[in-house]
Amino acid sequence: MPKIACLWVPELSLVAALRAEPQLCGGPLAVVQAGADLGGRAHVLGATPAAEGVGPGQTLAEARALCPGLAVRQSSPERERAAAQAAREAALAVSPRVEEAAPGLVYVDASGLSSLFGDDRAVARELVAAAERVGVRVAVGLAASKSVARLAARAAATDLALEATSHGVGGGAFRVVGLEEQREFLAALPLHELELPDELHQSLRRFGLYTLGEVAVLPPGPLSARLGPEAALLSRLARGEDTSALQPRLEPDRFEEGEELEWDASSAEPLLFVWKALLDRLAQRLLARGLMAREVCLQLRLADASWDERTLDLAAPTREVPALLQLLRLSIEGRPPPAGVRAVRLAAVPVREVLEQMPLFGPRGASPTQLAAAVARLSALAGPHRVGSPRAPDRWAPFAAECGKFVPPPPPRVSPPPAGELQLAARALRPPRTAEVRCDEVGAPLLVIGEGALGGRVVASAGPWRTVAEWWTEGPIALDAWDLELAGGLLIRAARELHTGEWRIEAVYD
């Protein structure tokens, strides 16, 4: 028997506002329509229990007359978008098959979850807890079909509370409707609690029908003939006949948080407070799913209605808020936006957190998570393009290297060199050191005059090895390289530019 859970966020505008400012849960608060030109004509979308007498549909002027100490927040599409996405992620943390029917309304395939969480009540309780871990208060219904689960979630909404948590807002509730009690549950539901068209609702009242149980006893054919196809759907719902299948959607590839500003921010300082709150919520959502951010996208909506978009390609995956905040600051200070900022949106491209078993024997190394956090801090201090892993570019220049994206090194597997074989390692000097080299009549080096200890009489030499390459670029390469042993035992690699005749010391052999 299939089992479907419905995860619903009632009063999404209110929950989104309290998720960003949970300290307002205990006070009188109303969320109204956005728009500075509406003034007292703005309609209330949701209110906290402390705002006595204030409810959805009232104008702001009416609400303030009923509750003089009322705090007001305008609805924020960015906050609501992020709260709805967080609710979907909470469902994905419990089951891999979910369907988002509308913002804040998610259906979950609960079949087979009893082996992980327990009975149906334990599954519903886990969905409530998963939503509260990302700062969202939800009502959860669990039944044998989508429509009954949706009605069970509406019934659970009457038991909702409003509690401030460390991650946002809590106080969720759930209702489980077993197959054996489905008929009794549906029969007791009043029609005015359903989302019916006004015309259909009035027609049913004229016929003296007030509950789903009274609709269920009527023959569906004559009912649909008199009241239309919507009445036929209602009749099927009253009998618990729902054949609509769950349509799972792909998991989003980005985690987003956003915020509208009440003023035009023209410097980095006021944006830091907004970014800190957004990054805290993003990090909590990533932590709840066992993910890390491998890339952060920053979108700024400017005063001229244009968007300033930039991407932070992180040196290593992380969810360290201080390091990400510093990288955002460096990005804004390096390239300030051309106009004032009115809205901010942060998006994190997730990647699975790497978990690795520590060795039982031998020295203990840093875990991949700790290593990624350390690299992120270094990147924030030195700049994202100065931290990474060295790699050899596709070039012909000797000792050419560049800094690529950080990749944790593999475990060292060093085999001892064969007996009697001498192995040398060349330590490249970056940048190469300039030197004066005196040569004999055939061009072989005799004396090196360099910086500090990088100089002396040449006692042995090998070369030259000529390299002529990259002549098709603006920086062609044409040089002769020599390996030189200086008096005192120092081994160096020296090269002479063919075009200029200048010498430089490129490496020292260890």
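This report walks through the domains, sheets and ring contacts of one structure.

It is a predicted model, where local features need pLDDT of at least 70, side-chain atom pairs count only at pLDDT 80 or more, and totals for chains, interfaces and linings use all residues. Residues are numbered from 1 along each chain as its sequence is written, and side-chain values use heavy atoms, with hydrogens and water left out.

Let's begin with the layout. The domain assignment gives domain 1 (4-177), domain 2 (182-238), domain 3 (255-352) and domain 4 (426-509); such bounds come from an automatic or database domain assignment. Between the C-alpha centres of domain 1 and domain 4 there are 71 Å.

Strands here are DSSP runs (E, at least two residues), as are helices (H or I, at least four), numbered from the N terminus. Two strands pair if DSSP finds at least two bridges between them. The hairpin of S5 and S6 has 2 residues between the strands, and in it Gly 104 takes a positive phi near 85°.

A charge sits over a ring if NZ of Lys or CZ of Arg is within 6 Å of the ring centre and within 35 degrees of the ring normal. Here are two such cases:

| Charged end | Ring | Distance to ring centre |
|---|---|---|
| Lys 146 | Tyr 107 | 5.0 Å |
| Arg 150 | Trp 8 | 4.7 Å |

Next comes an open sheet: 3 strands in the order S3-S2-S4, with mixed pairing. Strand S3 (44-47) and strand S4 (71-74) stand at the edges with a single partner strand each, so one side of each is left without a neighbour in the sheet. The twist averages 25° from one strand to the next; axes are lines fitted to C-alpha atoms, for helices over the stretch in contact, and angles run from 0 to 180 degrees between N-to-C directions. S2 (residues 29-32) pairs with S3 in the antiparallel sense over 3 bridges, and Val 32 stands opposite Val 44. Helix H1 (residues 12-20) lies across S2 and S3, at about 120° to S2. Contact means heavy atoms within 4.5 Å.

Strands S18 (residues 445-449) and S19 (residues 456-469) are antiparallel and joined by 2 bridges, with Val 448 opposite Gly 456.

Finally, the aromatics. Rings of Phe, Tyr and Trp (its six-membered ring) pair if their centres lie within 6.5 Å; planes under 30 degrees apart count as stacked, over 60 as edge-to-face and the rest as tilted. The structure holds 1 aromatic pair. The rings of Trp 471 and Trp 472 have centres 5.2 Å apart and planes at 85°, so the pair is edge-to-face. Trp 471 counts as exposed at 63% relative accessibility, and Trp 472 is exposed with a relative accessible area of 53%.

Key: Buried means under 20% relative accessible area, exposed over 50%, partly exposed in between (1.4 Å probe, protein chains only).
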